[in-house]
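Visitor: Please show me the sequence and the structure, and let us then discuss them in turn.

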Amino acid sequence: MSAGSRGQARPTLDKDLDGIARFEIAGQFLSRSYSRVGIGVLLVALILAVAGFLLSGSSSLTIVIAAAIVGAYMAINIGANDVANNVGPAVGSKSLSMGWALVLAAVFESAGALIAGGEVVETVASGIIDADRFESSHRFVWAMLAALLSSALWVNFATWIGAPVSTTHSVVGGVLGAGAAAAGLGAVNWYTVAGIAGGWVTAPFIGGIIAAAFLALVKALIVNQDDRLSAARRWVPVLIALMAGAFAAYLAIKGFNRIVRIELGTAILAGLVVFLLTWWVAVPVVARQSAGLSNGNQSVRSLFVIPLICSAALLSFAHGANDVANAVGPLAAIVHAVGAGEIAASVAIPGWTMVIGAFGISFGLLLFGPKLIRMVGREITRLNPMRAYCVALSAAVTVIVASALGLPVSSTHIAVGAVFGVGFFREWYTDSARRRRSSSKEGMSESEGEFAANKAEWRRRKLVRRSHLMTIVAAWVITVPSAALLSASIFLLLSMVV
């Protein structure tokens, strides 16, 4: 072969090799995707085997095992979607790596579910459906199964399109649709539904406003000061103590409420005590951490890293304690109705169902959680430890405010609303600074011309991605009606088949 022909053959060979390499990369990507699905299927199969062993003497073994499988599927989807709100800001701010965030969330979600998940759960989703309207326990069982399956399918779809949605609202929609199909529209407590619908609007706005207010406060008290380090030594312990106090009250209200009933006033008093103790401890700790640091923004931000990680752990614990009921609540209701042949307003949760919820959430997080974690933490707006800390603090404070006002809210809506609130505040703050710089230049006509010329560019470089905003808001709005329609359809299909 001549030198020329060899020269022509080499680029062709390089192209072929590049094509093979790209094919191998694509194959590896697909294999990873399918391996995650395969592991999820194996988990469900394991739960099937365990449930079959534990319930071998049950007269309605098939129904209970089917409910256990659907409950596990729901728990996996909760882990894949809902947990992103707890650790997403910490990952987006680079305070935690994705691997450590997954481990931290899995451990604390499981701990919250198993320790504080409680022994009693309301089976009819906070009074959405009047249980006395059901003709028989058999009809109630199929309605709860349809509600659980529709909720899981909807959350799975939301995860696929990259929209963090409220699993609580998904379950509410599922119970609403299946209950209405099984017992009629008159069985629906529309007052409760209206309150939940009001939470769609209030929760993200309250979370966003509180997060933006905290960020504005941090900028005014620390970032905009000439001596940032001295200001940080003075105010960071207060912010850390505020976080600790807020989470103490948050966990008292939302984390341990299934173990012991704590009134709002008592929870706030406990939070105040924790605030004072934490401030007393944090003052010398922050002083030691800040020793030798430069008087810059990066140094100030580093002081928020450890508190942010702690807040992510506490959020995960509280979430596991509360939202595990979304997976195992309808399952526990089915188990009780099948075993006792009656419908109860509240039932004891069998230990094996709580284990299904805890492990399902953890596996769902580890296998499918990174997609939503990246979206919440990185793709809505850019976060650093200081901004992410404001998001976490807002989540805890907003739950307390909402509880005081009696508003039914979603932790998902609050956390995502807080991320948007931080992003929109940054947009406003940055645009205001640009306007001030433009107006301070000599020659106002020239400055106005420069402002007009750059206006389109400033608009293009928005700090919040509008596409994510529209996708998430649309998913929030249609969650309850979509889950309700899907649940009613599933129930009617089951009624025809069985």
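Visitor: Between which two helices is the place of Lys94?

Guide: This is a predicted model, in which local features need pLDDT of at least 70, side-chain atom pairs count only at pLDDT 80 or more, and totals for chains, interfaces and linings use all residues. Residues are numbered from 1 along each chain as its sequence is written, and side-chain values use heavy atoms, with hydrogens and water left out. Helices are DSSP runs of H or I of at least four residues, numbered from the N terminus. Lys94 lies in the loop between helix H3 (84-92) and helix H4 (98-116).

Visitor: Is Lys94 buried or exposed?

Guide: Buried means under 20% relative accessible area, exposed over 50%, and partly exposed in between (1.4 Å probe, protein chains only). Because its relative accessibility is 76%, Lys94 counts as exposed.

Visitor: What is the phi of Lys94?

Guide: Most residues other than glycine have a negative phi. Lys94 is a residue other than glycine with a positive value, and its phi is near 65°.

Visitor: How far apart in space are Lys94 and Pro385, C-alpha to C-alpha?

Guide: In sequence, Lys94 and Pro385 are 291 residues apart. In space, their C-alpha atoms are separated by 7.5 Å.

Visitor: What is the relative accessible area of Val273?

Guide: Val273 belongs to helix H9 (residues 264-290). Val273 is partly exposed, and its relative accessible area is 44%.

Visitor: How far apart are the end C-alpha atoms of helix H12 (residues 351-368)?

Guide: The expected span of a helix is 1.5 Å times one less than its number of residues. Helix H12 has 18 residues and should therefore span 26 Å. In H12, the buried residues include Trp352, Met354, Ile361 and Leu365.

Visitor: Which residue just after H5 takes a positive phi?

Guide: Helix H5 (residues 137-161) has 25 residues and reaches 36 Å from its first C-alpha to its last, close to the 36 Å expected. Just after H5, a positive phi of about 80° is taken by Gly162.
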